[in-house]
Amino acid sequence: MQAATEVRIEGNAAIGTRRLKEAAAAELASLKDPARRQAAADDAAFQMETAGHLAGYAFIEVEYTIAGEDAEAAVVFTIREGPRVRLGEVSFAGNGYFTAAQLRPHIAIARSAPYVEGDVRAARN
């Protein structure tokens, strides 16, 4: 029989607890297995950070502590969201042939959009 595990999420203000739990649902379900608890907590923290990054929180940090064992175990995730980052002006360096005005339409990210590293990388390719 698998043990029950209490899960708490603390410190989040802008990103809702429900959203964080949904982002890490599979990993949180795996916390019930004491043999997988440490790895599942690592993976859940990673998924919560990824959800934060996708929401524009480029500096989000998620840490956790595990207290107790088996049915008495509790996992507490502590969220430090940091500021929400938005794109400002896009500038080009080293463009000797094309002007910035010619290049700008090829960047598929709107000014003041939340900064998501993957979107910025995709926009440059």
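Tutor: Welcome! A nonpolar core is a set of buried Ala, Val, Leu, Ile, Met, Phe, Trp, Tyr and Cys residues joined through side-chain atoms within 4.5 Å. Keep in mind that this model is predicted.

Student: Thanks! Which residues of the largest nonpolar core touch the most other members?

Tutor: In general, nonpolar side chains of soluble globular proteins tend to be buried together. Here the largest such core has 19 residues, and those touching the most other members are L28, L31, M48, V62, F77 and I79.

Student: And which element gives the largest share of this core?

Tutor: At least two core residues come from each of α3, β2 (61–67) and β3 (74–80). The largest share is 5 residues, and its source is α3.

Student: What is the strand order of the open sheet?

Tutor: The sheet has 3 strands with mixed pairing. Its edge strands, each pairing on one side only, are β1 (6–10) and β2.

Student: Which residue of β3 is the bridge partner of E61?

Tutor: β2 and β3 pair over 7 bridges, in the antiparallel sense. In β3, E61 has as its bridge partner R80.

Student: At what angle does α3 run to β2?

Tutor: α3 lies across β1, β2 and β3. Relative to β2, the helix runs at about 155°.

Student: Finally, is S30 buried or exposed?

Tutor: S30 sits in the loop between α2 (25–29) and α3 (37–54). Beyond its neighbours within four places in sequence, S30 contacts R36 and A40. Its relative accessible area is 16%, and the cut-off is under 20%, so S30 is buried.

Definitions and conventions:
Residues numbered from 1 in each chain as written. Predicted model: local features only at pLDDT ≥ 70, side-chain atom pairs only at ≥ 80, totals over all residues. Heavy atoms only, no water. Helix = DSSP H or I, 4+ residues; strand = E, 2+ residues; numbered from the N terminus. Buried < 20%, exposed > 50% of the residue type's maximum accessible area, 1.4 Å probe, protein only. Contact = heavy atoms within 4.5 Å. Pairing = 2+ DSSP bridges. Axes fitted to C-alpha atoms, helices over the stretch in contact; angles between N-to-C directions.
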